[in-house]
Amino acid sequence: HNEGLGGVAAELLRESVTRLMTYLREIQSGLVYRSVNLTRRGLNSFPIEVYAGADKFHRLTLAYNEITEIPGSIEKMVALIVLDVSHNLISSLPDEIGRLTRLEELHLEDNKLRSLPASFESLSNLLSLSMELNPFDAFPCPFIHNWTALADLSLDTEKVATLPEGAVHTITELI
């Protein structure tokens, strides 16, 4: 009976090592290609290993995991142009996300977000922002009229009764 359990344990260990090696290879190749895709890796926390290329990565994809929070240290990822943390369990974003001023594309859909930090207003280079399937209490971007580059906004309007003053002009230009 113990041999059976030992075999199962050995197999689980092999699978874990294989997953870890694949994960580390993805981060290593990201240093070359400036892009890391850790979609569907069963992550339940933000992978701190990506900070090894914090000033190099242009794209970070962490979609379809079980990540519950983005740490304030995300501000180290100054070169990010695309951040995809969609389909996770994130309930709030750190104020430091506003320091990612090179972001052009941000995917936040299908999380647990109810609001956005005030620093979010600094992300004025955003071209595309996806936020649907979040339980926002109100329109999450009252400063949208300052985002002149924004061309694509995806947001559920179920709980949005009114739009902020000045947003209508911007929104009518959205595709």
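The model is predicted: local features need pLDDT of at least 70, side-chain atom pairs count only at pLDDT 80 or more, and totals for chains, interfaces and linings use all residues. Residues are numbered from 1 along each chain as its sequence is written, and side-chain values use heavy atoms, without hydrogens and water.

**Stop one: an aromatic pair.** Rings of Phe, Tyr and Trp (its six-membered ring) pair if their centres lie within 6.5 Å; planes under 30 degrees apart are stacked, over 60 edge-to-face, the rest tilted. The count by this rule is two aromatic pairs. Select phenylalanine 120 and tryptophan 147: a tilted pair, 5.9 Å centre to centre, with 45° between the planes. Phenylalanine 120 is in the loop between β4 (105-107) and β5 (128-130), and tryptophan 147 in the loop between β5 and β6 (152-154). Strands are DSSP runs (E, at least two residues), numbered from the N terminus. The two residues are 27 apart. Buried means under 20% relative accessible area (1.4 Å probe, protein chains only). Phenylalanine 120 is buried at 0%, and tryptophan 147 is buried at 1%.

**Stop two: charges over rings.** The rule takes NZ of Lys or CZ of Arg within 6 Å of the ring centre and within 35 degrees of the ring normal. Select arginine 40: its charged end sits over the ring of tyrosine 64, 4.0 Å from the centre. Then select lysine 76, over the face of tyrosine 51, 5.2 Å from the ring centre.

**Stop three: histidine 87.** Look in the loop between β3 (82-84) and β4. Histidine 87 counts as buried, at 19% relative accessibility.

Key. Helices (H or I, at least four residues) and strands (E, at least two) are DSSP runs, numbered from the N terminus. Buried means under 20% relative accessible area, exposed over 50%, partly exposed in between (1.4 Å probe, protein chains only).
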